[in-house]
Amino acid sequence: MITLYHCDAARSFRPLWMLEELGLPYELKMLPFPPRVFAKEYLGINPLGTIPFMIDGETRMTESSGICHYLGTKYGPTPLIVGVDEPAYGAFLNWMYFSDATLTFPQTLVLRYSQLEPEERRNPQVSGDYAKWFLGRLRAVEAAAAKSEFLCAERFTAADITNGYALRLASNIGLAKDFGPNVAAYWARLQQRDGYQRAVAAEQKAGQEQNVAPRTRP
């Protein structure tokens with residue numbers, strides 16, 4: 001049984017969504033955010049104190065996009081993974097890495113300096129500057145979404161899951177109002193997927209059952 005440690009609306013939503021799209025059985029363990037502060041016992045499981053943390057037999061993983069790739073390749077074949085023999089393989093890998101390194105990174109600074117830091121340490125200039133950085137980098141998604149319903153291979157793939165999470169995070173921290181028309185339409189399509197909706201429902205159900213309150217959002 002796969003075990004996924006998850007915080008409401010955190011990057012661990014990527015592998016949660018992937019698990020639902022694949023239809024794999026899993027156990028979802030909810031933690032308060034950030035767990036290294038509010039669930040110190042978690043450091044005994046994952047010394048980094050970060051989310052996600054996935055256990056699959058002897059495998060231990062902490063990187064959300066990497067977990068999605070792992071799940072798709074180990075438990076495939078699945079159209080969610082673009083194969084090495086497909087023309088879009090390089091684009092697929094680029095989008096998989098783009099999702100966290102390019103899109104989510106600036107968002108974490110917006111989140112930290114607009115919401116997570118104590119009031120006296122919040123910094124509107126930092127959060128504003130990195131919001132602009134994120135929106136500038138989102139132009140790549142705007143351009144891709146103008147050409148196709150999905151990012152690569154002319155189908156829904158794990159790259160849409162990983163980048164879709166970045167759009168979900170943007171919505172949660174108040175940046176969706178600045179989406180371009182193509183990104184807004186793309187994000188609306190992703191939210192209509194059964195796998196996405198099942199993941200949201202699983203997140204909510206596990207939080208209620210495990211008595212872990214969702215994060216406050218704007």
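Is arginine 168 buried or exposed, and what is its relative accessible area?

Modeller: Bear in mind that this is a predicted model. Arginine 168 is buried, with a relative accessible area of 6%. Its salt-bridge partner is glutamate 203, and the closest N and O atoms of the two are 2.8 Å apart. That pair links distant parts of the chain, since arginine 168 sits in helix α7 (residues 158–172) and glutamate 203 in helix α9 (residues 194–209), 35 residues apart.

Arg11, Arg14 and Asp100 are linked in a network of salt bridges. Take aspartate 100 with arginine 11: their side chains meet at 3.0 Å, N to O. Aspartate 100 lies in helix α4 (residues 89–116) and arginine 11 in the loop between β1 (2–6) and α1 (13–22), so this pair ties together parts that are 89 residues apart in sequence. Aspartate 100 counts as buried at 15% relative accessibility, whereas arginine 11, at 28%, is partly exposed.

Aspartate 100 also meets the side chain of arginine 14 in a salt bridge, 3.0 Å from N to O. Here helix α4 is linked to helix α1, with the two residues 86 apart. Both aspartate 100 and arginine 14 are buried.

How values were computed. Residues numbered from 1 in each chain as written. Predicted model: local features only at pLDDT ≥ 70, side-chain atom pairs only at ≥ 80, totals over all residues. Heavy atoms only, no water. Salt bridge = Lys/Arg side-chain N within 4 Å of Asp/Glu carboxyl O. Helix = DSSP H or I, 4+ residues; strand = E, 2+ residues; numbered from the N terminus. Buried < 20%, exposed > 50% of the residue type's maximum accessible area, 1.4 Å probe, protein only.
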